[in-house]
Amino acid sequence: TSPEELLAAAPAACFSMSLAGELTRRRTPPGRVRVRSTVVLDEVEGGGHRIVASQLVVRASGAGIDAEGLRAAAEDADAGCPLSALVRASAEVSIDAQLETEEA
C-alpha cells in the first residue's frame with residue numbers, strides 16, 4: 001500500500017462513519033454505506049508532487065432515507081470529518097452521494 005492509497009482510505013473511512021452518524025442523528029439510520037475514494041496526485045510547479053483532488057463516491061441505503069436527506073447528511077458529514085478538512089487544505093474535494101436500493 002502506498003502513502004497515497006492510505007491517504008485516500010483515511011478520509012473515506014472517516015466520512016463513512018461521520019455519514020452513518022449524521023443519518024442516525026436524523027432518525028434514518030443507514031442499512032448500508034459504501035464509500036469509494038479516489039485521489040489525484042500531480043506535480044505542482046515549485047512544490048513537487050501533491051494531492052490536488054479527492055473524490056468520494058458515496059452510496060447509501062436505509063429505511064426512511066431520501067435524496068434530500070442524504071445530501072444534507074453528506075454535507076454535515078463532510079463538515080464534521082477532520083480528515084476531509086485536512087485534504088481540503090491542499091486539494092479540491094468532491095462528494096457524489098446517491099441513494100441505492102438495499103439489494104445493490
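## Contacts around Thr28

Contact means heavy atoms within 4.5 Å. By that rule Thr28 touches Leu23, Ala63, Gly64 and Ile65, leaving out residues up to four places away in sequence. The structure is a predicted model: local features need pLDDT of at least 70, side-chain atom pairs count only at pLDDT 80 or more, and totals for chains, interfaces and linings use all residues. Residues are numbered from 1 along each chain as its sequence is written, and side-chain values use heavy atoms, with hydrogens and water left out.

Where is the place of Thr28? Thr28 sits in the loop between α1 and β1. Thr28 counts as buried because its relative accessibility is 14%.

## The chain as a whole

The protein chain has three helices and three strands. Both kinds are DSSP runs, numbered from the N terminus: helices are H or I with at least four residues, strands are E with at least two. Read from the N terminus, the order is α-β-β-α-α-β. The C-alpha atoms fill a box of roughly 50 × 25 × 20 Å, taken along the principal axes.

The protein chain has 104 residues, and 32% of them are buried. It exposes about 6,100 Å². Carbon and sulfur atoms supply 53% of that area. Such areas come from the Shrake-Rupley method with a 1.4 Å probe; for residues, only the protein chains shown count as cover. Now take the contacts with a separation of 6 or more: residues 24 or more positions apart account for 69% of them.

## Helix α1

Helix α1 covers residues 3-25. How far apart are its end C-alpha atoms? They are 33 Å apart, which agrees with the 33 Å that its 23 residues should span at 1.5 Å a residue. The expected span is 1.5 Å times one less than the number of residues.

## Ser18 and Met17

Are they buried or exposed? Ser18 counts as buried, at 17% relative accessibility. Met17 is exposed, with a relative accessible area of 64%.

Ser18 touches Ala77, Gly80 and Cys81, again without residues up to four places away in sequence. Ser18 and Val35 are 17 residues apart in sequence, and their C-alpha atoms are 12 Å apart in space. Met17 and Ala53 are 36 residues apart along the chain, with 21 Å between their C-alpha atoms.

## Arg27 after the helix

Arg27 follows α1. Arg27 lies in the loop between α1 and β1. Its phi is positive, about 65 degrees, although Arg27 is not a glycine. Arg27 is exposed, with a relative accessible area of 75%.

## Leu70 in helix α2

Leu70 has its place in helix α2. Its relative accessible area is 0%, so Leu70 is buried. Which residues does Leu70 touch? Not counting residues up to four places away in sequence, they are Leu19, Leu23, Ala60, Ile65, Ala97, Gln98 and Leu99. Leu70 and Pro30 are 40 residues apart along the chain, yet their C-alpha atoms are separated by 9.9 Å.

## The cavity

Rolling a probe the size of a water molecule over the atoms shows where empty space is left. On a 1 Å grid over the protein atoms alone, a cavity is a set of points where a 1.4 Å probe fits but cannot get out; lining residues have an atom within 4 Å of a point. Points are joined across faces, edges and corners, and a volume is the space filled by probe spheres set on the points. The count comes to one cavity of 30 Å³ or more. The largest cavity holds about 30 Å³ of space.

Which residues line the largest cavity? The lining consists of Pro11, Ser54, Leu56, Leu83, Ser84, Val87 and Val93. β2 (48-61) and α3 (82-88) are the elements that give two or more residues to this lining. α3 gives the most, with three residues.

By class, the lining has five nonpolar, two polar and no charged residues. Nonpolar means Ala, Val, Leu, Ile, Met, Phe, Trp, Tyr, Cys and Pro; charged means Asp, Glu, Lys and Arg; the others, Gly among them, are polar.

Conventions. On a 1 Å grid over the protein atoms alone, a cavity is a set of points where a 1.4 Å probe fits but cannot get out, and a pocket is an open set with protein on both sides within 12 Å along at least five of seven lines; lining residues have an atom within 4 Å of a point. Buried means under 20% relative accessible area, exposed over 50%, partly exposed in between (1.4 Å probe, protein chains only).
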